[in-house]
Amino acid sequence: MRASETVQYLSTRMPVGAMVILLVYCLRDLPLTGPHALAPVAALAATVGLHLWRWNALLSIFGGTTVHVLLASTLLPQ
């Protein structure tokens, strides 16, 4: 199976596809108006920025999560 072109194609494309599906699923009900959209949008920007800067998925995930938790719990209490 490792020599299969289909398996090789899926191994390179599936991680990106899975992340896009998760992104759409998480942000689909987010209202884009009001202050409650600030934390997820800032966390998304931090995640993308960290990933483009260092190309480290773990750093990107932890950095984006940290930004979201800090903004949601301190600046934007519900």
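Buried here means under 20% relative accessible area, exposed means over 50%, and partly exposed is whatever falls in between (1.4 Å probe, protein chains only). The model is a predicted one, so local features need pLDDT of at least 70 and side-chain atom pairs count only at pLDDT 80 or more, while totals for chains, interfaces and linings use all residues. Residues are numbered from 1 along each chain as its sequence is written, and side-chain values use heavy atoms, with hydrogens and water left out. Helices are DSSP runs (H or I, at least four residues), strands likewise (E, at least two), and both are numbered from the N terminus.

The buried residues are S60, G63, G64 and L71. These cover an arc of only 95° around the axis, which puts them on the same side of helix 3; the arc is taken over the directions from the helix axis to the C-beta atoms. The buried set packs against helix 2, with contact meaning heavy atoms within 4.5 Å. As for length, helix 3 has 19 residues and reaches 26 Å from first C-alpha to last, close to the 27 Å expected at 1.5 Å a residue (the expected span being 1.5 Å times one less than the number of residues).

Just after helix 2, W55 takes a positive phi of about 55°.

A39 gives a residue-level view of helix 2. Its relative accessible area is 4%, so A39 counts as buried. Leaving aside residues up to four places away in sequence, A39 touches H68, L71, A72 and L76. The C-alpha atoms of A39 and L76 are separated by 7.8 Å, though the two residues are 37 apart along the chain.

Then there is the lining of the largest pocket. Its residues divide into 17 nonpolar, 6 polar and no charged, where Ala, Val, Leu, Ile, Met, Phe, Trp, Tyr, Cys and Pro count as nonpolar, Asp, Glu, Lys and Arg as charged, and the others, Gly among them, as polar. Helix 1 gives the most to this lining, with 8 residues.
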